[in-house]
Amino acid sequence: MTHKIALVTGGSRGLGKNTALRLAGKGVDVIITYHSQREEADKVVAEIEATGAKAAALQLDVSQSKTFVEFAANVKAILQSKWQRDSFDYLVNNAGTGINTPFLETSEEEFDLMVNIHLKGVYFLTQKLAGLIANGGSIVNISSGLTRFSFPGYSAYASMKGAIEVLSKYLAKELGARGINVNTVAPGAIETDFGGGAVRDNKELNDHIASLTALGRVGVPDDIGGVIASILSDDNRWVNGQRIEASGGMMI
Ligand SMILES: NC(=O)c1ccc[n+]([C@@H]2O[C@H](COP(=O)([O-])OP(=O)(O)OC[C@H]3O[C@@H](n4cnc5c(N)ncnc54)[C@H](OP(=O)(O)O)[C@@H]3O)[C@@H](O)[C@H]2O)c1
């Protein structure tokens with residue numbers, strides 16, 4: 001049986017790492033990308049390979065759209081050398097960092113960084129990789145609960161995530177002719193390094209979010225990777241152009 005191949009951006013830590021491992025657990029081979037933490041990425045590759053799936057790690061800065069043509073060439077080369085294929089099946093646009101700055105204090109530099117990472121990055125990376133995604137493949141873009149509810153300080157970050165939700169619908173429409181479905185997964189607050197690890201390490205914030213969540217606790221990476229792996233599976237092929245929130249019922 002030939003394994004499906006997923007490309008997960010930001011797979012060295014947090015939600016991307018968990019997604020890569022959950023995909024591997026379902027027999028999917030995975031190419032992860034990392035930005036700065038090569039050692040962490042290598043560890044994830046080793047963990048995936050220990051499950052029997054194949055894996056590789058490539059460097060990528062999603063804020064540098066001018067590098068995406070070269071990145072796509074690197075993906076093509078590794079597909080050829082490691083899998084003897086010229087396409088992959090699943091793209092997960094996950095990589096990124098956030099900022100927490102009040103609206104009145106947000107600088108143009110901070111705003112531009114959020115545009116470049118979360119909107120321009122996802123838009124043009126997907127465009128440059130589209131020719132390498134197999135017909136009948138799937139794309140999941142990672143948004144946030146912060147597009148449905150608002151927390152002060154996240155106006156720039158959440159605006160980009162809102163844009164990604166709109167983009168996902170357009171991608172679903174335009175790539176649908178090739179049998180590619182495109183969905184958004186929107187996690188609630190999850191204990192990762194994101195935002196300096198505040199949700200995980202600041203007990204007051206953690207307790208506050210737990211009190212706002214129907215299931216009574218803050219999310220952990222293992223609450224999310226399985227959702228993404230499931231959306232990418234054949235069982236969910238007919239789900240298309242949707243926003244799926246995984247927040248434990250935060251602020252419902
Ligand atoms: N955690 C949450 O509460 C939460 C909630 C909703 C949505 N999200 C979204 O989920 C996604 C993953 O977040 P996370 O919580 O897993 O964060 P994380 O633990 O901080 O991990 C971030 C990942 O993205 C990579 N990355 C960071 N900046 C990058 C850049 N400029 N170019 C390429 N890769 C970059 C990192 O690579 P290195 O390891 O090499 O630095 C790492 O693999 C993000 O899109 C985030 O907005 C998170």
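Predicted model: local features only at pLDDT ≥ 70, side-chain atom pairs only at ≥ 80, totals over all residues.
Me: Start with helix 1. How many residues, and what span should they have?
Reply: Helix 1 has 12 residues, and at 1.5 Å a residue they should span 16 Å. The end C-alpha atoms are 17 Å apart, which agrees.

Me: Which residues of helix 1 are buried?
Reply: L15, G16, N18, T19, A20, L23 and A24.

Me: And what covers them?
Reply: The cover on the buried residues of helix 1 includes strand 1 (5–8), strand 2, helix 2, strand 4, strand 6 and helix 8 (225–232).

Me: What follows helix 1?
Reply: G27 does. The phi of G27 is positive, near 85 degrees.

Me: On to helix 2. Where is it, and how far does it reach?
Reply: Helix 2 takes in residues 38–50, 13 residues in total. From first C-alpha to last it reaches 18 Å, close to the 18 Å expected at 1.5 Å a residue.

Me: Which residues of helix 2 are buried?
Reply: A41, V44, V45 and I48. They cover an arc of only 100 degrees around the axis, so they sit on the same side of helix 2.

Me: What about the other side of helix 2? Which residues are exposed there?
Reply: E39 and A50 are exposed on that other side.

Me: What covers the buried residues of helix 2?
Reply: The cover includes helix 1 (14–25), strand 2 (29–34) and strand 3 (55–59). Helix 2 in turn is among the elements covering the buried residues of helix 1.

Me: What comes after helix 2, and what is its phi?
Reply: G52 follows helix 2, with a positive phi near 100 degrees.

Me: Switching to the ligand. How many residues are around it, and which come nearest?
Reply: There are 30 residues around the ligand. S12, S36, N94, Y157 and T192 come nearest.

Me: How much of the ligand does the protein cover?
Reply: The protein covers 96% of the ligand's accessible area, which is 900 Å² for the ligand on its own.

Me: New topic: phi angles. What is the phi of Q84?
Reply: Near 50 degrees, a positive value in a residue other than glycine. Q84 sits in the loop between helix 3 (68–83) and strand 4 (88–93).

Me: Is Q84 buried or exposed?
Reply: Exposed, because its relative accessibility is 59% and the cut-off for exposed is over 50%.

Me: And where is M251 found?
Reply: In the segment after strand 7 (243–246). M251 is not a glycine, yet its phi is positive, near 55 degrees. M251 is partly exposed, with a relative accessible area of 33%.

Me: Now S65. Where is it, and what does it touch?
Reply: S65 is in the loop between strand 3 and helix 3. Leaving out residues up to four places away in sequence, S65 touches K120 and F124. S65 counts as buried, at 17% relative accessibility.

Me: Last stop, strand 6. What about N181?
Reply: N181 lies in strand 6, residues 181–187. At 3% relative accessibility, N181 counts as buried.

Me: Which side chain pairs with that of N181, and at what distance?
Reply: The side chain of S138, through a polar contact of 2.6 Å. Beyond four places in sequence, the contacts of N181 include G137, S138, I139 and N236.

Me: And V182, buried or exposed?
Reply: Buried, with a relative accessible area of 0%. V182 is in strand 6 as well.

Me: What does V182 touch?
Reply: Not counting residues up to four places away in sequence, V182 touches I139, N141, S168, L171, A172, N240, G241 and Q242.

Me: How far apart are V182 and G137?
Reply: Their C-alpha atoms are separated by 9.0 Å, and the two residues are 45 residues apart along the chain.

Methods
Residues numbered from 1 in each chain as written. Heavy atoms only, no water. Helix = DSSP H or I, 4+ residues; strand = E, 2+ residues; numbered from the N terminus. Expected span 1.5 Å × (residues − 1). Buried < 20%, exposed > 50% of the residue type's maximum accessible area, 1.4 Å probe, protein only. Arc of directions from axis to C-beta. Contact = heavy atoms within 4.5 Å. Near = heavy atom within 4 Å. Areas by Shrake-Rupley, 256 points an atom, 1.4 Å probe, with all protein chains shown as cover. Polar contact = N/O pair within 3.5 Å; in protein donor to acceptor, adjacent residues only side chain to side chain.
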